[in-house]
Amino acid sequence: MMSDLQLILQSLPFLLEGLGLSLLLTLLVAVGGILMALVLALLRLSGNRALSTLAATYVNFFRSMPLILVIFWFFFLVPLVIGRPVGSFYSALIAFTLFEAAHYTEIIRAGILSVSRGQGWAAAATGLTYGQSLRYVILPQAFRNMTPLLLTQGIILFQDTSLVFVVSLSDFLTSVTIVARNEGRLVSMYIFAAVVYFAICFVASRFVHQFEKKAVR
Amino acid sequence: MEYNWDWSILVQEPYLWWLITGTGWTLAVSAAAWCIAVVLGTLIGIARTLPNRFVAGIATAYTELFRNVPLLVQLFLWYFVAPEILPAPMGHWIKRDLPLPEFATAVVGLGLYTAARVSIQVRAGIQSLRRGLAMAGYAQGMTVAQVYRHILLPVAFRVVIPPFTTEFLTVFKNSSLALTIGVLELTAQSGQISEYSFHSFEAFTAATAIYILITMTVAAAMSLVERRLPAVA
């Protein structure tokens, strides 16, 4: 009989590969989601009513859907649209990005609204174009205000990536489950998974908290 | 893109029944978990603001523990791990005699997880009150319990009602995770219809429509309730 610790050590390369996939997915989705959300937030705040309604509908639509259902949708849709099977990684990547973009949009919108309106007027008064005032005046301040929230959402996203379990993509939790089932060690392996997730998320949230304190002053 | 459309499968047997029972389980899991979350979350949120450091510390530890482990992992812990590491008689009872084990586990897991989120809102609600309120209470010679019962909670309650209802929508969506431990709720049923009938598009559309419909109904009810609440002083 192998001890639990030995089992974990022995399967460490496999588990780390899974953790790597979880982190990679988190990173790609965070970057893609924030970029997409920036566009959506600007559309939402634009004077154009049609575009603003469109963006709002997108956000409300994805915010009222469970993430698992979105994952199911794209697991089925992506191969159908492309016309050939693409592994579950790409369909999960697309599902998460579209889903998270809706959540990031609300954060970015609030961040832009948190910059006082006088800033925009002053920028316009000095002759900056709309694009310039966004680029040099509004967005830098908005992003500074919303960084803690974006980072916190990133931690939530990292936790959410565990849901790729439903399409058997080998993220950290799925890898843990594979080892646990092969070796018949559900108890110790799931406790191990919980400890690892907790350690990562707790340390990250402490870091965000420190950052927040420094930024607020 | 080739796809064989047939919307009529949604009203055929047994698929229509699957959608109905799926919606029923989703609502049952959500409602039960929400009740646990609101009661426990309120207690923990209050505990976090108490002057007693020890109690506040334990409550904070609860919140940190439950919000830093993914919900899916928590469900697996309750479902696969808890019956094994609990004292033997309790473990046996869970494995043999617990009625609807998947449902009960999902409700407990989801409820305890959401309680952590609720506690954050309750704590923020209490802390958003002016400190003078509590001080005035203590100056009157009120005990800690009296200050909470007669001053802080009635005012804070008004502040946290909207987040409570929002939290229902979160639980409602998160209830889909129950499918991983075998609860045949709405998302699971739509997946099952898709597998049996090969009409994934119709199945997922039906589930999506039901989720959106219920979300919109709850949101509408929510704004109705909020309008009836007295304004925050």
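What follows is a conversation about how some terms apply to this predicted model.

Modeller: In this predicted model, local features need pLDDT of at least 70, side-chain atom pairs count only at pLDDT 80 or more, and totals for chains, interfaces and linings use all residues. Residues are numbered from 1 along each chain as its sequence is written, while chains are lettered from A and ligands numbered from 1 in the order in which they are written.

Biologist: What makes the pattern of chain B a row of α symbols?

Modeller: Helices (H or I, at least four residues) and strands (E, at least two) are DSSP runs, numbered from the N terminus. Chain B has nine helices and zero strands, and along the sequence the pattern reads α-α-α-α-α-α-α-α-α.

Biologist: How do you know what share of chain B is buried?

Modeller: A residue is buried if 20 or more other C-beta atoms, placed from the backbone, lie within 10 Å of its own. Of the 233 residues of chain B, 39% count as buried.

Biologist: What confidence does chain A carry?

Modeller: With pLDDT being the predictor's confidence in each residue, from 0 to 100, chain A averages 93, and 99% of the residues score at least 70.

Key. Buried ≥ 20, exposed ≤ 12 C-beta atoms within 10 Å, placed from the backbone.
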